[in-house]
Amino acid sequence: MSNSISLTKAQRILEEIQQVVSRVPEEAVTGLADTLAKGNRIFVTGEGRSGFMAKSFAMRLMHLGANSYVIGETVTPALAAGDILIAVSGSGTTKAAVWTAEKARELGCTIVAVTTDESSPLGQLADQLLHIPAATKYRREGEAASIQPLGSLFDQCTHILLDAVCLSYGELQHVEHGTALAKHSNVE
């Protein structure tokens, strides 16, 4: 395989990401960062690759000084009223994410959905939505076209947009690189 073929595929993936990210209003990113900055504890949930994106986000928030936790980890405390739950599900129908959002709603938490489908069960539970108009594994009508398999485009766009949320959050909290670095693991 020549480098030009790989580069062409990489460029096509970057073009897909650019098309999706350009459809997400900046206010959605800054609004989520503002919600997080006003909150106390932040919990994330997601299954499979969406779960990896959620965990990555929780780690970045921790580096920025947030009290962030991953649902299902052994050191995660109980949810309580006033906490924020960020549930990541491309389809918005993942049973575990929807159930966790329902439970969080019962407990008085703010629900943030990161999904492609605003009208999904998860989207309907959300107080705030980060709508990512990307292709999912289901290739439903209205989703962005993608050359990539499954939900790769959603995962990539989620990662980038949540990193943009972190950038805004860090600015709101006045966190500089050195402060974040001091919270980075030193036992790896």
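This is a predicted model: local features need pLDDT of at least 70, side-chain atom pairs count only at pLDDT 80 or more; totals for chains, interfaces and linings use all residues.
Which residues does L130 touch, not counting residues up to four places away in sequence?

**View 1. L130 and its neighbours.** Leaving aside residues up to four places away in sequence, L130 touches V24, A28, L32, A113, V114, T115, L161 and L162. Take a moment to find each of these partners around L130 in the structure.

**View 2. The largest nonpolar core.** Zooming out from L130, we come to a core of 36 residues, in which L36, F57, I86, L130 and I132 touch the most other members. Several elements each supply at least two residues of this core: the helices α1 (3–21), α2 (26–38), α3 (48–63) and α6 (152–172), together with the strands β1 (41–46), β3 (84–88) and β4 (110–115).

**View 3. Helix α3 beside helix α6.** The axes of α3 and α6 are 10 Å apart, and the two helices pack at an angle of about 15°. Because angles under 35 degrees count as roughly parallel, α3 is described as roughly parallel to α6. Their crossing is right-handed. On the α3 side, the contact is made by R49, S50, M53, S56, F57, R60 and L61. Facing them from α6 are S152, F154, D155, T158, H159, L162, D163, V165, C166 and Y169. Sorted by class, this contact of α3 with α6 has 8 nonpolar, 5 polar and 4 charged residues.

**View 4. Helix α2 across helix α6.** Now look at α6 with another partner: the axes of α2 and α6 come within 8 Å and cross at roughly 55°. The two helices are therefore oblique to each other, and the crossing of α2 and α6 is right-handed. From α2, the residues V29, T30, L32, A33, D34, L36 and A37 meet L161, L162, A164, V165, S168, Y169 and L172 of α6. The contact of α2 with α6 divides into 11 nonpolar, 2 polar and 1 charged.

**View 5. R140 in its loop.** Our last stop is R140, found in the loop between β5 (128–131) and α6. With a relative accessible area of 33%, R140 is partly exposed. Not counting residues up to four places away in sequence, R140 touches S91, T93 and D117. R140 and D117 are 23 residues apart in sequence, and their C-alpha atoms are 9.7 Å apart in space.

Note on methods. Residues are numbered from 1 along each chain as its sequence is written. Side-chain values use heavy atoms; hydrogens and water are left out. A nonpolar core is a set of buried Ala, Val, Leu, Ile, Met, Phe, Trp, Tyr and Cys residues joined through side-chain atoms within 4.5 Å. Buried means under 20% relative accessible area, exposed over 50%, partly exposed in between (1.4 Å probe, protein chains only). Helices (H or I, at least four residues) and strands (E, at least two) are DSSP runs, numbered from the N terminus. Contact means heavy atoms within 4.5 Å. Axes are lines fitted to C-alpha atoms, for helices over the stretch in contact, and angles run from 0 to 180 degrees between N-to-C directions. Angles under 35 degrees count as roughly parallel, over 145 as roughly antiparallel, 65 to 115 as roughly perpendicular and the rest as oblique. A crossing is left-handed if the near helix is turned anticlockwise from the far one by less than a right angle, and right-handed if clockwise. Ala, Val, Leu, Ile, Met, Phe, Trp, Tyr, Cys and Pro count as nonpolar, Asp, Glu, Lys and Arg as charged, and the others, Gly among them, as polar.
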